[in-house]
Amino acid sequence: MSAIFGLLRRDGAPVTPGELATMRRALAHWGPDGGGVWHEGCAGLGQVLFCSTPESRYEQLPRVDPELGTTFTAAARVDNRAELMMDCGLRGTESVVTDSDLIWHAYRKWGAACVKRIYGDWAFAVWHPVERKLFLARDHFGNTALYYYADPRVFVFASDRQALL
């Protein structure tokens with residue numbers, strides 16, 4: 001399964017590409033199929049991709065939503081795809097809707113309450129720059145790891161503890 005990571009400078013200092021590259025290297029074994037990073041100002045998010053489902057080959061994360069002004073990343077295998085697609089009003093070929101797309105649409109529709117509707121192994125992060133708010137969530141059973149470290153200057157998270165070191 002893919003992995004996610006991120007860094008938030010609570011003191012307002014900018015996140016550097018080198019910091020995110022270091023985290024990404026620590027997670028390289030999780031994502032042999034690519035991935036991406038995004039950073040702007042005091043925040044940065046990333047994903048390393050492992051294509052484990054037919055839909056995952058279409059993943060392109062992190063994703064910026066210009067309408068909401070948010071940035072999103074995920075590592076996910078969603079088990080209730082058909083139900084979520086119907087509830088979110090998604091039509092078309094199911095194979096081109098990625099699991100992260102389903103989670104993103106659910107988050108847009110229900111906000112934080114979306115976690116009650118998503119079944120499978122997943123973790124995701126949404127950065128809200130205007131509010132300076134980071135929303136993190138993982139599956140109900142904790143199958144998908146999500147570690148974090150926080151102090152007054154920094155908040156950092158990842159799917160593997162090695163990326164926090």
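What volume does the largest pocket have? About 200 Å³. Before going on, the conditions. This is a predicted model, in which local features need pLDDT of at least 70 and side-chain atom pairs count only at pLDDT 80 or more, while totals for chains, interfaces and linings use all residues. Residues are numbered from 1 along each chain as its sequence is written, and side-chain values use heavy atoms, with hydrogens and water left out.

On a 1 Å grid over the protein atoms alone, a pocket is an open set of points with protein on both sides within 12 Å along at least five of seven lines; a cavity is a set where a 1.4 Å probe fits but cannot get out; and lining residues have an atom within 4 Å of a point. Points are joined across faces, edges and corners, and a volume is the space filled by probe spheres set on them.

Back to the pocket. Its lining has 13 residues, and those nearest the centre are Leu-7, Met-23, Val-156, Ala-163 and Leu-164. Two or more lining residues come from each of β1 (3–9), α1 (17–26) and β9 (154–158). Here helices are DSSP runs of H or I, at least four residues, and strands are runs of E, at least two, numbered from the N terminus. The largest contribution is that of α1, with four residues. By class, the pocket lining has nine nonpolar, two polar and two charged residues. Nonpolar covers Ala, Val, Leu, Ile, Met, Phe, Trp, Tyr, Cys and Pro; charged covers Asp, Glu, Lys and Arg; the others, Gly among them, are polar.

Two backbone points. Leu-61 and Pro-62 are joined by a cis peptide bond, with omega about -5°; Pro-62 sits in the loop between β3 (43–48) and β4 (63–65). Arg-132, in the loop between β6 (120–128) and β7 (133–138), has a positive phi near 50° although it is not glycine.

Last, His-105, in helix α3 (residues 99–110). Leaving aside residues up to four places away in sequence, His-105 touches Cys-88 and Leu-90, where contact means heavy atoms within 4.5 Å. His-105 and Cys-88 are 17 residues apart in sequence, and 6.4 Å apart in space, C-alpha to C-alpha.
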